[in-house]
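Please find below a colleague's note on this model. It is set out as numbered points, to be read beside the coordinates.

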Amino acid sequence: MLFKNDSFIFVSNYSLPCMTEKQEAILHAALKLFATQGYNSTPTSQIAKEAGVSEGLIFRHYGNKEGLLNAVLQQGENSFKLLFADIVMEPNPKTVIRKTINIPFSVPQEEYEFWRLQYKLKWELGHNSQEKIKPLLQALTLAFDQLNYASPALEAELLYFKIDAIGGAILQDALKNKEQMRDFLLSKYKV
């Protein structure tokens, strides 16, 4: 399912057309449980129970728990690629910065489980997504360079870390003034 707002197009439900209903149920259950309980704390037997399938079916489709995690992450990666492509392909430097600032504020609530999983994996497994954010950082660096910032690469990295922290706060429901924060950042960067 696609969602569109002023800044982005989002892909929801992470469904691939060639998956069976049982595979979709397994991936959905794994995403939910990994995001709430953590990867290490979630046994495949619990995922099977949540999905309404046998544990053997999980192993048949995904090989092992790590293969299941990789399948969940692969589906989410497709969403990341679409999200970042919209920014990377943008020619206007101010629009690149504005769209980047809007990332955490524009994610539909039905996408929160996947984003929570990303944050959990950073800490639980040391899984870092630096490779997938590289195009975003390059686009931001170019935008800051075009706008004559003194240290474009550092500005890009700083903005990314601000957005990452804000995203985490939103997922924890710790940022009560989301609109004010977004407007403050947009004003700060004059975009």
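Predicted model: local features only at pLDDT ≥ 70, side-chain atom pairs only at ≥ 80, totals over all residues.

1. Nonpolar core. The largest nonpolar core holds 57 residues, and those that touch the most other members are Ile26, Ile47, Leu68, Ile101 and Leu117. Helix 4 gives the largest share of this core, nine residues. In soluble globular proteins, nonpolar side chains tend to be buried together.

2. Ile26 within that core. Apart from neighbours within four places in sequence, the contacts of Ile26 are Ile47, Ala51, Val53, Leu57, Ile58, His61, Tyr62 and Leu68. Two of these partners, Ile47 and Leu68, are themselves named among the core residues that touch the most other members.

3. Helix 6. The 13 residues of helix 6 should span 18 Å at 1.5 Å a residue, and the end C-alpha atoms are 18 Å apart, so the two values agree. Buried residues in helix 6 are Tyr112, Phe114, Trp115, Leu117, Gln118, Tyr119 and Leu121. Their cover includes helix 1 (21-37), helix 4, helix 5 (93-106), helix 7 (130-146), helix 8 and helix 9 (178-188).

4. Second largest pocket. This pocket has a volume of about 170 Å³. Its lining is made up of Ala35, Arg116, Tyr119, Lys120, Trp123, Gly168, Leu171 and Gln172. Helix 6 (112-124) and helix 8 (152-171) are the elements that give two or more residues to the lining, and helix 6 provides the largest share, four residues. By type, the lining has four nonpolar, two polar and two charged residues. Tyr119 is worth checking on both counts, as a buried residue of helix 6 and as part of this lining.

5. Lys65. Is this lysine buried or exposed? Lys65 lies in helix 4 (residues 65-88). Its relative accessible area is 18%, and because the cut-off for buried is under 20%, Lys65 counts as buried. Beyond neighbours within four places in sequence, Lys65 contacts Phe34, Tyr39, Asn40, Thr42, Thr44 and Phe59.

6. Positive phi values. Which residue in the loop between helix 8 and helix 9 deserves a look? Asp173 sits in that loop and has a positive phi of about 60°, although it is not a glycine. Asp173 is exposed, with a relative accessible area of 52%. Lys190, in the segment after helix 9, is also not a glycine and has a positive phi of about 55°. The relative accessible area of Lys190 is 64%, so Lys190 is exposed.

Terms used. Residues numbered from 1 in each chain as written. Heavy atoms only, no water. 1 Å grid on protein atoms, 1.4 Å probe; cavity = no way out; pocket = protein on both sides within 12 Å on 5 of 7 lines; lining within 4 Å. Points joined across faces, edges and corners; volume = space filled by probe spheres on them. Nonpolar A, V, L, I, M, F, W, Y, C, P; charged D, E, K, R; others polar. Buried < 20%, exposed > 50% of the residue type's maximum accessible area, 1.4 Å probe, protein only. Contact = heavy atoms within 4.5 Å. Expected span 1.5 Å × (residues − 1). Core = buried A, V, L, I, M, F, W, Y, C linked by side-chain atoms within 4.5 Å.
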